[in-house]
Amino acid sequence: MDSLKTTISKTILFYALIFLALACEQKPSENTDTNSSLPALPTADANNGGLTLPDNFGTVVVADSTGRARHIAVNDQGDIFIKMRRLKEEKGILTISDTTGNGKMDTFSGFDLYTGTGIHIYNNYLYASSDSSVYRYPLENGAVPAEAEPEVIVSGFPIQRSHASKTLAFDNAGNIYVNVGGPSNACMEESRTPGSPGMDPCPQLEYQAGIWRFDANKPGQTQKEDGYRYATGIRNAVALEWNDKENSLYALQHGRDQLNNLFTDLYTDEQSAELPSEEFLQINEGDDFGWPYCYYDHFKNQKILAPEYGGDGEKTGRCEDIKAPIMAFPAHWAPNDLLFYTGDLFPEKYKNGAFIAFHGSWNRGPFAQKGYSVVFVPFKDGKPSGDWEIFATGFKGKDEIMSPSEAAHRPVGLAQGPDGSLYISDSVKGKIWRVMYYDNVTTASL
Amino acid sequence: MNKFYLIFISIALFIAACGGAKNEAEQTETTAQEEVKSEPEEKVAEAAVPRGQGIYKTYCQVCHQADGNGVPGMNPPLTQTEWVLGEKERLIKVVLNGLNGEIEIKGEIYNNVMASHSFLTDKQIADVLTYVRSSWGNDASEISEEEVAAVRASNEG
């Protein structure tokens, strides 16, 4: 190719791009040269899809209303698999793709007939879960072939109505980790009934309220026959992720509800809204995090004995030696996904740090509901190396809401794209955002 | 590779980006909004409403919310639902016995557990249900202590 032609074409293209970027009033990006082999970043939406982000970050709304979305997975081609909480046009998993390269998903298809939360790509398979089983599908060039039959990897999880999401994580040794939530608030004899004592020992811990490990490659396992209880005493860990760099499992626990409704004499409305912490856990084999007997109080920095088990908000009792979280978040924010960022697109400070999607509270009443954001936690040596900070807000659509049904969107799932973009899913309408950093990247690589 | 061809493609991509919002599949969910009729028989006892509101705040609000709209996908709304406006006996039984299993409320599926609230007195249940039946646009008759007592008796017997 002759170099004059290239120079001319680059010049024309440069002005054409500037003109067009201005013409459609979208966020302009610096057009410096890089030799990236990945496709160019699409231009950010003018209003960042309603989100507020740190400087130089922008978003494209890749899809606006896919339905009741839960977790998401992105393949090497940038196509997104969405696990649905409710069937969308009779499909439990949606695949959305961008065939034109403008960042907007224009092709929607779907398969299978169960609802659920977990979805993950591992060793060229797509894994997905219903509330009682884990399935997988082979991937060919990133796609699930039309004729592919799901393989049942694990079945036989207890049927439960609350905390039923079977979220998934994978290590580097061929294991799959599955969250099995506790089926109650705090194992009361009479479920969520004021003053009812907790069952002791709590029978729910036998097959629930922990993380179970299985062989990721062996079809036909059941929890009872093949499951290994990797960790226990975890009320519900919807946000569950293996950290490759640290070679360790991490999760966030949804703390218990209703301290003051159930124990009016012991807790005020304010205490009930601010306690207990949502806990960020580093999980080793055999760990016990104390549910239902204990909860974490981030004002006291202690595990406190639950009122169902004789606690009064102060006593620590049997909780003294229970493993503490590596970080504690405000009560009831509902952490629903965790992602350790390994991409190169975002600035250095984000590398290996944790993004957490908080679905937002429902039981901080009579005060305003909170959460509804994506938070960033810097990491070093397997632990947070600084305070958490809000990374993305604006999901709610208004400044203050009293009830969760007022929220326009609620962040629920996170995934990293092949170019290091961060994808966020929403459980209300199924809006999907792609978050990008625009400082030193070209808008079109030539 | 022809560079001018690339330019053309790139420009086309940019134009697509500008108008891209229209590319998304329009997939809005429709929610069946059934009209639920109620027959106001008696006038709602005035004092029962503030008393019932206090009970609602303590025992129901956390799940069904101050605006009665519930928590999507988790706890159903109490606004213009068949359960709230319909047959009194069935409504009283929800509070006395709790409720679980799959139910459809205003086009949404709920499959969760509400605990029994039989620890509330007949009067408290009457007041809270009277409050619920006359709030957030609900306009149904009051529920009396005697009606709750009768359901409780038949329930236990």
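In the predicted model, the torsion about the S-S bond of Cys294(A) and Cys319(A) is about -90 degrees, so the disulfide between these two residues is left-handed. The sulfur atoms of Cys294(A) and Cys319(A) lie 2.2 Å from each other. Cys294(A) and Cys319(A) are both buried.

A search over all chains of the structure gives two disulfides. Besides the link already described, a disulfide is formed by Cys187(A) and Cys202(A), whose sulfur atoms are 2.1 Å apart. The link of Cys187(A) and Cys202(A) is right-handed, with 90 degrees about the S-S bond. Cys187(A) and Cys202(A) are 15 residues apart, and each is placed in the loop between strand S11 (175-180) and strand S12 (210-215) of chain A; the pair is counted as linking distant parts of the chain. Cys187(A) has a relative accessible area of 0% and is therefore buried. Cys202(A), at 5% relative accessibility, also counts as buried, because the cut-off for this class is under 20%.

A disulfide requires the two sulfur atoms to be within 2.5 Å. Cys60(B) is buried, its relative accessible area being 17%. Cys63(B) takes part in no disulfide, and its nearest cysteine sulfur is that of Cys60(B), 8.6 Å away. With a relative accessible area of 18%, Cys63(B) is likewise buried.

Chain B also contains a contact between two helices, H2 (residues 48-59) and H6 (residues 122-133), whose axes come within 7 Å and cross at roughly 100 degrees. H2(B) is therefore roughly perpendicular to H6(B), since angles of 65 to 115 degrees are placed in that class. On the side of H2(B), the contact involves Ala48(B), Val49(B), Arg51(B), Gly52(B), Gln53(B), Ile55(B) and Tyr56(B). These residues meet Lys123(B), Gln124(B), Asp127(B), Val128(B), Thr130(B), Tyr131(B) and Val132(B) of H6(B). Sorted by class, the contact of H2(B) with H6(B) comprises seven nonpolar, four polar and three charged residues.

Technical notes: Residues are numbered from 1 along each chain as its sequence is written. Chains are lettered from A and ligands numbered from 1 in the order in which they are written. This is a predicted model: local features need pLDDT of at least 70, side-chain atom pairs count only at pLDDT 80 or more; totals for chains, interfaces and linings use all residues. Side-chain values use heavy atoms; hydrogens and water are left out. Helices (H or I, at least four residues) and strands (E, at least two) are DSSP runs, numbered from the N terminus. Buried means under 20% relative accessible area, exposed over 50%, partly exposed in between (1.4 Å probe, protein chains only). Axes are lines fitted to C-alpha atoms, for helices over the stretch in contact, and angles run from 0 to 180 degrees between N-to-C directions. Angles under 35 degrees count as roughly parallel, over 145 as roughly antiparallel, 65 to 115 as roughly perpendicular and the rest as oblique. Contact means heavy atoms within 4.5 Å. Ala, Val, Leu, Ile, Met, Phe, Trp, Tyr, Cys and Pro count as nonpolar, Asp, Glu, Lys and Arg as charged, and the others, Gly among them, as polar.
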